[in-house]
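My notes on what I looked up follow the display.

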Amino acid sequence: MSAASDTARRPKAILTDIEGTTSSISFVKDVLFPYARRALPAFVQTRGREPAVRKWLDAVATENGGMCSDRMIAEVLQGWIDQDRKHTALKALQGMIWADGYRSADFTAHIYPDAAESLKRWHADGIPLYVYSSGSVPAQRLFFGHSDAGDMTAMFSGWFDTEIGGKREAASYRRIIETIGLPAGDVLFLSDVVAELDAAREAGLDTVLVDRLEDYPDPRTGEATHGHARIEGFDALA
Ligand SMILES: CSCCC(=O)C(=O)COP(=O)(O)O
Ligand SMILES: [Mg+2]
């Protein structure tokens with residue numbers, strides 16, 4: 001496998017980001033986020049007493065200075081959606097809300113055709129595939145379980161979200177590598193965010209910047225790539 005630079009070696013495993021990498025940013029921003037935003041007040045009201053939901057609502061209240069009504073918590077969460085905050089509590093709650101949307105077939109998850117094809121080919125070639133996204137693990141499973149290319153969940157060997165740590169912190173990638181059980185240099189991380197690639201490289205992983213023109217109309221070239229190999233689609237990884 002080679003990328004648009006000479007740094008990528010044939011990986012023994014691939015770790016991929018979702019938004020902006022396998023899938024378009026606009027699907028997340030224009031379909032998933034508004035769906036969660038709309039559904040949040042009713043979700044908090046009807047399911048707020050379930051322990052699995054309450055735990056995250058309480059985490060939001062604590063971060064917001066303590067005692068808050070459920071209505072206020074819903075408003076805080078809506079504000080976080082507007083700011084695209086990658087907060088673990090928000091991501092967990094969004095995942096629960098999106099489950100309804102996928103189940104009732106309100107939408108399927110976008111996946112770039114080149115990403116779907118490459119993931120299928122790598123899986124067929126025996127390369128273990130992993131996901132690391134700010135979206136919660138249940139949200140990731142829903143996403144790939146209801147993708148435009150069908151149910152892809154069986155192709156993945158593992159899933160990681162921000163419960164393992166932030167995506168811009170090298171320590172998170174070290175923990176992921178421990179779980180995968182391969183030398184860091186044998187694992188290729190694909191992402192649209194240079195700061196995430198910097199953290200992965202600090203932890204020893206191979207890295208490739210996925211610079212999709214649909215998502216990033218101004219190509220990130222030269223110094224903007226921070227020396228990471230750069231591709232515009234997965235098909236550039238032969
Ligand atoms: C898979 S859940 C939907 C995407 C999402 O909420 C998100 O924050 C994705 O961020 P990523 O780390 O995949 O860029
Ligand atoms: Mg991303």
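I began with the shell around ligand 1. Domain 1 (13–23 + 109–236) and domain 2 (28–103) each give at least three residues to this shell. The domain bounds come from an automatic or database domain assignment.

Before going on, I noted the ground rules. This is a predicted model, where local features need pLDDT of at least 70, side-chain atom pairs count only at pLDDT 80 or more, and totals for chains, interfaces and linings use all residues. Residues are numbered from 1 along each chain as its sequence is written, and chains are lettered from A and ligands numbered from 1 in the order in which they are written.

**Ligand shell.** Which residues come nearest to ligand 1? I found Ile18, Glu19, Ser133, Ser134 and Gly135, out of 15 residues around ligand 1. Near here means a C-beta atom, placed from the backbone, within 6 Å of the molecule. By class, I listed five nonpolar, five polar and five charged residues in the shell. Ala, Val, Leu, Ile, Met, Phe, Trp, Tyr, Cys and Pro count as nonpolar, Asp, Glu, Lys and Arg as charged, and the others, Gly among them, as polar. Helix 1 (25–47) and helix 6 (137–145) each supply at least two residues. Helix 6 has the largest share, three residues. Helices (H or I, at least four residues) and strands (E, at least two) are DSSP runs, numbered from the N terminus.

**Domain contact.** The centres of domain 1 and domain 2, taken over C-alpha atoms, are 25 Å apart. Eleven residues of domain 1 contact ten of domain 2; contact means C-beta atoms, placed from the backbone, within 7 Å. On the domain 1 side, I sorted the touching residues into three nonpolar, five polar and three charged.

**Strand 1.** Strand 1 (residues 13–16) runs parallel to strand 4 (residues 187–191), with four bridges between them. Pairing requires at least two DSSP bridges. Threonine 16 has leucine 190 as its bridge partner in strand 4. Strand 1 also pairs with strand 2 (residues 129–132), in the parallel sense, over three bridges. There, isoleucine 14 stands opposite leucine 129.

Which way do the residues of strand 1 point? Ala13 and Leu15 point one way, Ile14 and Thr16 the other, and all are buried. Buried means 20 or more other C-beta atoms, placed from the backbone, within 10 Å of the residue's own. In a regular strand, side chains alternate between the two faces of the sheet.

Definitions and conventions. Contact = placed C-beta atoms within 7 Å. Buried ≥ 20, exposed ≤ 12 C-beta atoms within 10 Å, placed from the backbone.
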